[in-house]
Amino acid sequence: MTAVRTAPSVAPGIRRRSFLRLGSTAGVLAAGGGGAWWWSTRRGTPTPPVARPRPELVVAFQGDLTGPAKDSGNAQLNGARLAVEQVNAQSARPLRLKLVPYDDGGDPARAASLAGRLVKDTGVLAVLGPTSDACFLSTEAAYTKATMPVVTVSVDVGLDGRSIGYSQFRSHAALHVERTLLAAPCVRYLSNHVDARKVFLVDDRAQGDTAWKLCDLAQKGLRSAGRQATLTSVPAGKIDYTALAASVMSAGADAVVFTGDAARTAGLASALKAARFTGTCMATEQAFGPGFLTAAGAAATGWVFATSFTDPAVRPSARAFSAAYRTRFGAAPGWYAAEAYDAVMFLAASCAQDGAALRERVAIAHRLQEVKHTGITRTVAYRPSHGYNDDAMFLYEVADGAFHYLGQYKEAAVS
């Protein structure tokens, strides 16, 4: 099942907004996770001699490289490859990493079979992946039983109400926030940036309980901020977008938050444009992507999206990574590529203790909750009450037919 690398996706167009205050992240590159980059050693910088050979630890990359999420899967693999080269170029580290890719094709059954193979391979000390929630759930039992250290980048740690990252699966480190927490950037943006007074929240039942919980959290947050917030639900089946837009207008709302996927969000966007709604429109990463832009057309303009991934070409701490990625792979880094880089650097730090490499899965799994790693997209650290990275959320806005990065949500929401 070893995968053949496919071309990574090209990230949407980007530009920096002048009102953002992103300077607070500029120093991250010089911190623990962003130090000496792999390409600097390839420009004539000599590598100090190594006193003794460093042990090589095998990390399995398990992801969707040929299935429905192949763009994200390949972007993560490429980001991870850059990180491995970085680790191996740093002679001060007590270990080297060997990244072995496995393609589960986004198929849960195939992912479960692959997990069964990997846990039996005593040479594999950790896993990066899988890519999707469904594949993660199908591997959970095998990896938990084997105490396999698992670091995921694009898996929802909440998994529709199941706090996998915090309780049952103690060897799992998730860089992705629970999707219900995307309520926080929505509330902050509407309260601090556009000063919305009446917000219309739409729970799309097609997204299950995650959508309802996100809307419930957003409603509570908005009311605490002195805003009015109306919550309504739409069925998992066909939506009457005209009627939904009419409800928004009759409520006198000056902002809308929709929790559906790209196609359904585009349907509402078109209906709101037809109804001449002029307020702020927000959605989450469930709708983020070229599908929304294509389906919504001109109605997409102005929509703001909350995501769990950054744009490395714009974020100051990740620009060097973005340049290296382009040089190496001939394209802009896709979604979660920079996060995968951080995941590997965090895992590498977790594979060592007191200047020595760890050779047992249990020891590495234990270290996942002890290590704090400042990376190029976020600081990865475990907190018992929150898990990992509960503030790693970002905002984008649609303009000129493309998604434009606004910044980490606390920065982007400051006017």
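Mentor: Let's start with Gly 116, which belongs to helix α2 (residues 108-120); helices (H or I, at least four residues) and strands (E, at least two) are DSSP runs, numbered from the N terminus. This is a predicted model, in which local features need pLDDT of at least 70 and side-chain atom pairs count only at pLDDT 80 or more, while totals for chains, interfaces and linings use all residues. Residues are numbered from 1 along each chain as its sequence is written, and side-chain values use heavy atoms, with hydrogens and water left out.

Gly 116 is partly exposed, at a relative accessible area of 22%. Here buried means under 20%, exposed means over 50%, and partly exposed is in between, using a 1.4 Å probe and protein chains only. From the C-alpha of Gly 116 to that of Thr 139, 23 residues apart along the chain, the separation is 8.0 Å.

Now for the part I'd like to show you closely: helix α7, residues 262-274. Its 13 residues reach 18 Å from the first C-alpha to the last, close to the expected 18 Å, a figure that comes from 1.5 Å times one less than the number of residues. At the start of α7, a side-chain oxygen of Asp 261 comes within 3.3 Å of the backbone nitrogen of Ala 263. That is a polar contact: a pair of N or O atoms within 3.5 Å, where within protein one must be able to donate a hydrogen and the other to accept it, and residues adjacent in sequence count only if both atoms are side-chain atoms. After α7 comes Arg 276, with a positive phi near 65°.

Which residues of α7 are buried? They are Ala 262, Arg 264, Thr 265, Ala 266, Gly 267, Leu 268, Ala 269, Ala 271 and Leu 272. As a general point, an α-helix has 3.6 residues a turn, so residues three or four places apart point the same way. The cover over the buried residues of α7 includes the strands β6, β7, β8 and β9 and the helices α6 and α8; contact means heavy atoms within 4.5 Å.

Between β6 and β7 the pairing is parallel, over 7 bridges, and Lys 198 stands opposite Gln 228 in β7.

To finish, step back to the chain. It has 12 helices and 18 strands, and buried residues make up 56% of its 415 residues. Among contacts between residues at least 6 apart in sequence, 72% join residues at least 24 apart.

Notes:
Pairing = 2+ DSSP bridges.
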